[in-house]
Amino acid sequence: MAALTPEELKNLRKSFQEKNQSCFILGASGETGKELLAEILRQQVFSKVTLIGRRKLDLEGPLYASVTQEVVDFEKLDDSAASFQGHAVGFCCLGTTRAKAGADGFVRVDRDYIEHSAKLAKAGGCHHFVLQSTKGADNSSGFLYLRVKGEAEARVEAVGFERCSIFRPAVLLCDRQESRPTEWIARKFLGLVALVSPTAMSVPTVTVARAMVNHVVMPGKEGQKAEVLENAAIHALGQMK
Ligand SMILES: NC(=O)c1ccc[n+]([C@@H]2O[C@H](COP(=O)([O-])OP(=O)(O)OC[C@H]3O[C@@H](n4cnc5c(N)ncnc54)[C@H](OP(=O)(O)O)[C@@H]3O)[C@@H](O)[C@H]2O)c1
């Protein structure tokens, strides 16, 4: 994708903003999700933002005036169908780990909750679904993580959104609150690799978030329903301020 000039991007943001659209975020309490919320509020491209999650976040003050929170039980998601009504765009940064949730729990969150949410979003009028997947996602992989991520992508694509965007970031760089020792060591190492080759093996969560927001204000590609953004493309999009 050719880089836009700051002026072109500014104009796209302005015309998107004038549509007064609503979006929802799944996973706004997570590392990418919270950067995404901050970027959406910074750019003010949506008139309303709904956070759909399993717990209420402490968001006080005028900065959050356009934010609504919906606390849902992901095991009984149909009971919360109304939370998915009326959003033009849906962002999904949901996910857990096998270490945290066990193999079955990981499949449940990273594939089934996402598929169910996507279906409710489509029924509620969402036309653009943005899914945070991962580098190497592949529904025929022998690795559970990559296979489940690939299955989630395929299932979301099959829901039939007017526009569906799949982000495949490499290792996420952030100051993670939660202790994940192996990831912490990898992140330190990759932070050094990133000094030499910034787009190869990692990407800061703030870059992913900015790339997502920049992406939604740009028109979709003609005749291409699912757009897959690999790590280098995410870096390129996320550089545009
Ligand atoms: N870590 C990496 O380097 C990496 C690399 C590429 C792609 N990814 C993928 O990118 C996505 C976002 O990653 P991240 O690190 O930003 O996420 P994160 O910080 O782990 O946050 C995950 C989000 O999912 C929610 N969640 C987890 N388990 C849940 C459950 N059982 N029910 C309801 N909500 C649940 C969390 O809510 P709570 O706050 O309530 O727990 C949180 O909002 C994930 O799909 C991940 O697999 C990660």
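Two notes before the first selection. This is a predicted model, in which local features need pLDDT of at least 70 and side-chain atom pairs count only at pLDDT 80 or more, while totals for chains, interfaces and linings use all residues. Residues are numbered from 1 along each chain as its sequence is written, and side-chain values use heavy atoms, with hydrogens and water left out.

**Stop 1: the ligand**

Helices (H or I, at least four residues) and strands (E, at least two) are DSSP runs, numbered from the N terminus.

The shell has 27 residues, and those that come nearest are Ser 29, Thr 32, Arg 55, Lys 149 and Arg 176. By class, you will find 10 nonpolar, 9 polar and 8 charged residues. Here Ala, Val, Leu, Ile, Met, Phe, Trp, Tyr, Cys and Pro count as nonpolar, Asp, Glu, Lys and Arg as charged, and the others, Gly among them, as polar.

Now show the ligand's oxygen atoms. A polar side-chain atom of Arg 55 lies 2.7 Å from one of them, and a polar side-chain atom of Tyr 145 is 3.2 Å from an oxygen atom of the ligand. At Leu 172 a polar backbone atom takes part, 2.9 Å from a ligand oxygen. Taken alone the ligand exposes 920 Å², and the protein buries 89% of that (Shrake-Rupley method, 1.4 Å probe).

**Stop 2: Asp 112 and its partners**

Move to Asp 112 in helix 3 (residues 98-123). It forms a salt bridge (a side-chain nitrogen of Lys or Arg within 4 Å of a carboxyl oxygen of Asp or Glu) with Arg 108, the closest N and O atoms being 3.1 Å apart. Both residues lie in that helix, 4 residues apart, about one turn.

Asp 112 also meets Arg 155 in a salt bridge, at 3.9 Å from N to O. Arg 155 belongs to helix 4 (residues 144-158), so this pair ties together parts that are 43 residues apart in sequence. Asp 112 is buried, with a relative accessible area of 18%, whereas Arg 108 is partly exposed at 33% and Arg 155 is partly exposed at 30%. Buried means under 20% relative accessible area, exposed over 50%, and partly exposed in between (1.4 Å probe, protein chains only).

**Stop 3: a buried pair**

Select Glu 227 and Arg 163, whose side chains meet in a salt bridge of 2.8 Å, N to O. This pair links distant parts of the chain, strand 9 (residues 226-230) and strand 6 (residues 163-168), 64 residues apart.

**Stop 4: two loop residues**

Finish with the backbone angles. Asn 20 has a positive phi of about 55° although it is not a glycine. Look for Asn 20 in the loop between helix 1 (6-17) and strand 1 (22-26); it counts as exposed, at 56% relative accessibility. Gln 44, also not a glycine, has a positive phi near 50°. Gln 44 sits in the loop between helix 2 (31-43) and strand 2 (48-53), and at 53% relative accessibility it counts as exposed.

Key. Near = heavy atom within 4 Å. Polar contact = N/O pair within 3.5 Å; in protein donor to acceptor, adjacent residues only side chain to side chain.
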